[in-house]
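Work through the exercises below with the sequence and the coordinates at hand. Each task is followed by its solution.

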Amino acid sequence: MSVKKIVIGAGILAVAGYFYLEQRVKKIIEQFEFVRIYPVAFKKLDAKWNDGKPFVSFHLDLKLVNPTAQHFSAQLTAVTLKRILFYDKKNMLLGSANVNVKAINIAPNSSTIIPNVPIQMDLQTAITNVLGALNVSNFNSSDIRIEVIVSILGTEHKIS
C-alpha cells in the first residue's frame, strides 16, 4: 500500500468522523434546551476578600431535570458543562459557578443532581439583591434565571 492511499484513507476517515461528531453535538445541544436546572441544597456559606474585593461563596446542589421522553446523554469528551450563571429578573448577574462536568446522563422524565457546585457572588451585588428581595414580598426562586455555558469542541455555547 502506498503512502498516497494511506493519506487519502486517513483524510476520508477524518472528514467522516468530523461530520459524525458535528451531528452528535447538534443533537446534544437540541436536547439540552429542554433540560431544566433547579437549586436543591445550600451549604457552606462563607465571606472572603479577594484582591480587596469582598465576595460570598457557598456550595449549591443543582438538580438537572429532563422533562422529555428521550434519554439525555452528553458523554462525549468533546462536550463539557463549563459554567453556570445566575441572573435576577432584571438580568443582573448574581453569581457564577465553574463546574467542568464531562458526562451527564438523565433518564427520560427523570433528574440527576450535581452536588457541591461552588458558587461565588460579589458581596455588593448579594446585599443589593437581598435588600431588593426583602422589598418585594412576592420574590421566589423562579425569579432567578439560570444560564449554562457548554463547551463543545472548544467552542462555548450559552443555553438559557
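**Exercise 1.** Does F19 count as buried, partly exposed or exposed, and why?

The model is predicted, so local features need pLDDT of at least 70 and side-chain atom pairs pLDDT 80 or more, while totals for chains, interfaces and linings use all residues. Residues are numbered from 1 along each chain as its sequence is written, and side-chain values use heavy atoms, without hydrogens and water.

Step 1: the classes are buried under 20% relative accessible area, exposed over 50%, and partly exposed in between (1.4 Å probe, protein chains only). Step 2: F19 has 46% relative accessibility and therefore counts as partly exposed.

**Exercise 2.** Locate N109 and classify its exposure.

Step 1: N109 sits in the loop between β6 (104-106) and β7; strands are DSSP runs of E with at least two residues, numbered from the N terminus. Step 2: its relative accessible area is 56%, so N109 is exposed. Step 3: the phi of N109 is near 50°, a positive value in a residue other than glycine. Most residues other than glycine have a negative phi.

**Exercise 3.** Which strands pair with β7?

Step 1: pairing requires at least two DSSP bridges between two strands. Step 2: β2 (residues 53-66) is joined to β7 (residues 110-122) by eleven bridges, and the two run antiparallel; V56 has M121 of β7 as its bridge partner. Step 3: β5 (residues 93-101) also pairs with β7 in the antiparallel sense, over two bridges, and S96 stands opposite Q120 of β7.

Definitions and conventions
Helices (H or I, at least four residues) and strands (E, at least two) are DSSP runs, numbered from the N terminus.
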